[in-house]
Amino acid sequence: MSFTPETGTPLAAYYAQTQPRVGAVLSRRSLGTLDAVTIGRYALTIGAADPTHYNPAAARSAGYADVVAPPNMLAAIVEWGIGTAEAQLQPDGTPHDGEMPLGDGDLRLRVMGAGEEMELVSPVIAGTEVVLETTLEAVTPKQTRSGTCVFVTTSHTFMSAEGAVLNRNRRTVVLRNPLQES
């Protein structure tokens, strides 16, 4: 028995637009070249004390050509932008409005992270141009205790400009209809 979101809702419109695209490459773009300063700053910010992340001599003595990024850095920089001011975040770290535009036009849905898996394939060395390819893996509607949801899973393959795979991430988000205005 298949389940689809209630007809006429923003969630149903999103599902109808997105489900046929399962398996498609959604985007392929350069994230730029990671430099030693950015890697070092990120490592120190997250408390990664291994000197191979910020000291070129330590990295070379460990067998790397230059400093090496912490394993989770690529996942962290996927949408690396200015972000949301802390004062505008709820205690769980999500924006107060809790909604974001998705798909075509002004479609707005509530979004929450539902999981991430990482496969670390190869170290990322300073000077590497990183390319990200995102593929839509699954769009699955579910009826939960809290209402109708759609779980969307994307596969993110990080690679060098030459095509060597560095890291694979699988992310799932859960989407819900917007909160109803009273």
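Biologist: How many salt bridges does the count come to here?
Modeller: In this predicted model, the count comes to five salt bridges. One of them joins Glu116 to Arg171, with the closest N and O atoms 3.0 Å apart.

Biologist: Which parts of the chain does that pair link?
Modeller: Glu116 belongs to strand E3 and Arg171 to strand E6, so that distant parts of the chain, 55 residues apart, are linked by the pair.

Biologist: And Glu116 itself, is it buried, partly exposed or exposed?
Modeller: Glu116 has a relative accessible area of 39%, which puts it in the partly exposed class.

Biologist: What does Arg168 pair with?
Modeller: Arg168 forms a salt bridge with Glu119, and their closest N and O atoms are 3.3 Å apart. Here too distant parts of the chain are linked, since Arg168 is in strand E6 and Glu119 in strand E3, 49 residues apart. Both ends count as partly exposed, Arg168 at 35% relative accessibility and Glu119 at 40%.

Biologist: What about Arg170, which residue is its partner at 2.4 Å?
Modeller: That partner is Glu137, and the 2.4 Å is the separation of the closest N and O atoms in the salt bridge. Because Arg170 lies in strand E6 and Glu137 in strand E4, residues 129-144, the pair ties together parts that are 33 residues apart in sequence. Arg170 is partly exposed at 34% relative accessibility, and Glu137 is partly exposed as well, with a relative accessible area of 33%. Salt bridges that share partners also bring in Glu117, so that Glu117, Glu137 and Arg170 form one network.

Biologist: Back to the strands: how many bridges join E5 to E6?
Modeller: Strand E5, residues 147-160, is joined to E6 by 10 bridges, and the two run antiparallel. Within that pairing, Phe151 stands opposite Val174 in E6.

Biologist: What happens in the hairpin between them?
Modeller: The hairpin of E5 and E6 has four residues between the strands, and in it Gly163 takes a positive phi near 100°.

Biologist: You mentioned Phe151; what sits over its ring?
Modeller: The charged end of Lys142 sits over the ring of Phe151, at 4.9 Å from the ring centre.

Biologist: How many aromatic pairs does the structure hold?
Modeller: The structure holds zero aromatic pairs.

Biologist: Changing topic, which residues touch the most other members of the largest nonpolar core?
Modeller: That core has 15 residues, and those touching the most other members are Leu34, Ile39, Met73, Leu74, Val124, Val130 and Phe158. The elements that give two or more residues to this core are helix H2 (36-46), helix H4 (73-77) and strand E4.

Biologist: Which element gives the largest share?
Modeller: The largest share comes from H4, which contributes three residues to this core.

Biologist: What is in the second core?
Modeller: The second core is separate and has nine residues, among them Leu11, Leu109, Leu136 and Leu175. As general background, nonpolar side chains tend to be buried together in soluble globular proteins.

Note on methods
Residues are numbered from 1 along each chain as its sequence is written. This is a predicted model: local features need pLDDT of at least 70, side-chain atom pairs count only at pLDDT 80 or more; totals for chains, interfaces and linings use all residues. Side-chain values use heavy atoms; hydrogens and water are left out. Two strands pair if DSSP finds at least two bridges between them. A salt bridge is a side-chain nitrogen of Lys or Arg within 4 Å of a carboxyl oxygen of Asp or Glu. Buried means under 20% relative accessible area, exposed over 50%, partly exposed in between (1.4 Å probe, protein chains only). Rings of Phe, Tyr and Trp (its six-membered ring) pair if their centres lie within 6.5 Å; planes under 30 degrees apart count as stacked, over 60 as edge-to-face and the rest as tilted. A charge sits over a ring if NZ of Lys or CZ of Arg is within 6 Å of the ring centre and within 35 degrees of the ring normal. A nonpolar core is a set of buried Ala, Val, Leu, Ile, Met, Phe, Trp, Tyr and Cys residues joined through side-chain atoms within 4.5 Å.
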